[in-house]
Amino acid sequence: MLHLQIILLCSLTLQASADLLSEHSFFAALDEDQNVKLYWNVSIKNKEIFFTVEANTTGWIGFGISSGQGKMKGADIVIGWVKDGKSYFQDRHSNGYSVPEVDMQQNYELISLEERNGKTVMSVKRKFDTCDSQDNKIESGTTKVIYAYHKEDPTSENAIKPHRTGNRGSRSLLLLNSLENIPTLPPDTETFDIRHNKTAIPSKRTSYICRAFEIPKVNETHHIIMVEPIIQSGHEGIVHHMLLYECSDNFPTHHLNYTGNCYGPDMPPPGKDCAGASAFAAWAIGGKEFYYPEIAGFPIGKADSPKVVMLEIHYDNPLNKEGLIDSSGLRFHYTKQLRQYDAGVMMVGEAVTPAMIIPPKQNAWHTDGFCTKECLQQGMKDSKLPKGGINVFAALLHTHLAGRKTWISHVREGTELREIARDDHYDFNFQEYHSLKKEVHIPPGDSLINVCIYNTEDRQTKTKGGLETIDEMCLSFLMYYPKVNLTKCTSFDRGAYESWYQAFERGSDQTQTSFWTNIVNNGLKEAYQNSKEVVSLCQARAHAPLPGVDRKQQPKPMINIPYKQELVCPSTTTLIPTTSQKVTMNNRSATSSPLVLSAIICLAAIAGFQAS
């Protein structure tokens, strides 16, 4: 009899999980134990988002959009619970670390709120921008959501017991920029892995470990259509990002499977030509699998396809743990059913060089990296698009610990167009591809500006551009089609740095905090702002320079007419009463976990009873 009860309960749970998964386009567990789960749908047309929050409690649950740092203070929060067959729900905001206050406007619309099988499930919807100062906007880029719950219902709407330490948390998500429709992989899809093989991770904070591989030989052209990370269990917080670089075709076979420091003196010369060259696959912490659009795939098996590649893994080991052995890497799914276009990857932004400097004690230091029109014109001249140029379908934005905001400006003859991708709440520990809702066409003659905003208020001396975690970068990786002969379109402002150096830094000890006065800092800022030219790094596959433009002084792309954002909020809004909503419970099924996990739990439980 007990067996039947378990089977019946599991059947109901699986059906509930299937219902929620089928009703929503996106899902994320908000905590490691999956006590709180979030499902959501997005309506770009109506600028609305639909949330379903499920928590392992029959008390109150809270869910919110933080102000950017994943904290309760400044968060936009909804709290709901079910008591005596009634549901209670309010839109609130937090000014500190006490019970959130009820908003003057109730901008979240409650769809359903219920208890079932020991769970509470709350479904709501709201506008991306409610035009309410007590709500936080939901924008493209990283959104840090927060959650909390309690096992008991409040005794009243004003007597909500505080959550326990373990019953709260936050998670970074791309709410608006995730891929909504997952392409179906063809039945002939095969895979190959590029991964480290029991590699020792150094005990220092930052390590870049590289290994050379030969791409599997295929007798005809195939397209890579999906790339997924393989992260060794327990190393999810240590494997920070991975890049796969193309090496030259004459790479010596006796250096294959070389493993060592990517940028150290022990790396053989051929390896140095790979690391930092043409990247055609990228993944960063927090990221999921990456799907190419159904119109394009990355080609292998062609004459100009990569033959040898170098896997670079950035290990971030802040606790200096010893004895770590890693076999993480990337898995590639490929098919001989070719798409219409070959896809490519282009790196844009500021070159990784010590000439990029951020002074200490800065609240919002601005750095630009330029992809010039001269570089794009030369690299795109063989485009197979009818109108020339490329179509960008995804972007990966990348800075380090000091990065707070970053975006890619698109400029045409001095006029700024809509940004290609933007992240105003950048999270170093969550870097995911931004899947563009609409592809962006970049014709020859346009230019790009990769902008990064940094905060160094906690630092005593300068931050320079470099590879270390405490150094900084300002880069982006654009996924596009059709593939053209351009893999790197970056710049560095040598003239600005040299003029500032001669005026302020020469003969001084820049490691001393006392050196970085307002006069020195403003002098550096003005040098960057006033320079008219930059050195462009325009490179084709395998480190080959683009003739006539690589390492040349070229005019900075200038924005004379900024992009005008669409006005969303009217000057006045109508207040909605703040009385809490009470809704009779319905019988809509709740869910205890995603479908696959539920199946595993149920099968394990049944097997356990059968064994007994």
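Which exposed residues sit on the face of helix 5 turned away from its buried side? In this predicted model, they are Asn-518, Ile-519, Gln-529 and Asn-530. Helix 5 itself covers residues 518-530, so you're looking at 13 residues. From its first C-alpha to its last it reaches 18 Å, close to the 18 Å expected at 1.5 Å a residue.

Now look at the buried residues of helix 5: Val-520, Asn-521, Gly-523, Leu-524, Ala-527 and Tyr-528. They end up on the same side of the helix because they cover an arc of only 160 degrees around the axis. There's a handy bit of background here: an α-helix has 3.6 residues a turn, so residues three or four places apart point the same way.

Five strands make it up, in the order 1-2-3-9-8, and their pairing is antiparallel. From one strand to the next, the twist averages 15 degrees. Further in, strand 3 (residues 48-55) and strand 9 (residues 119-127) run antiparallel and are joined by eight bridges. To find your place in strand 9, look for Thr-120, which has Ala-55 standing opposite.

Last stop: the largest nonpolar core, with 57 residues. Ile-224, Leu-244, Phe-280, Tyr-292, Leu-330 and Phe-332 touch the most other members. Strand 21 (residues 308-316) gives the most to this core, with six residues. The core lies between domain 2 (179-339) and domain 3 (343-507 + 515-563), because both give residues to it.

Key. Residues are numbered from 1 along each chain as its sequence is written. This is a predicted model: local features need pLDDT of at least 70, side-chain atom pairs count only at pLDDT 80 or more; totals for chains, interfaces and linings use all residues. Side-chain values use heavy atoms; hydrogens and water are left out. Helices (H or I, at least four residues) and strands (E, at least two) are DSSP runs, numbered from the N terminus. The expected span of a helix is 1.5 Å times one less than its number of residues. Buried means under 20% relative accessible area, exposed over 50%, partly exposed in between (1.4 Å probe, protein chains only). The arc is that of the directions from the helix axis to the C-beta atoms. Two strands pair if DSSP finds at least two bridges between them. Axes are lines fitted to C-alpha atoms, for helices over the stretch in contact, and angles run from 0 to 180 degrees between N-to-C directions. A nonpolar core is a set of buried Ala, Val, Leu, Ile, Met, Phe, Trp, Tyr and Cys residues joined through side-chain atoms within 4.5 Å. Domain bounds come from an automatic or database domain assignment.
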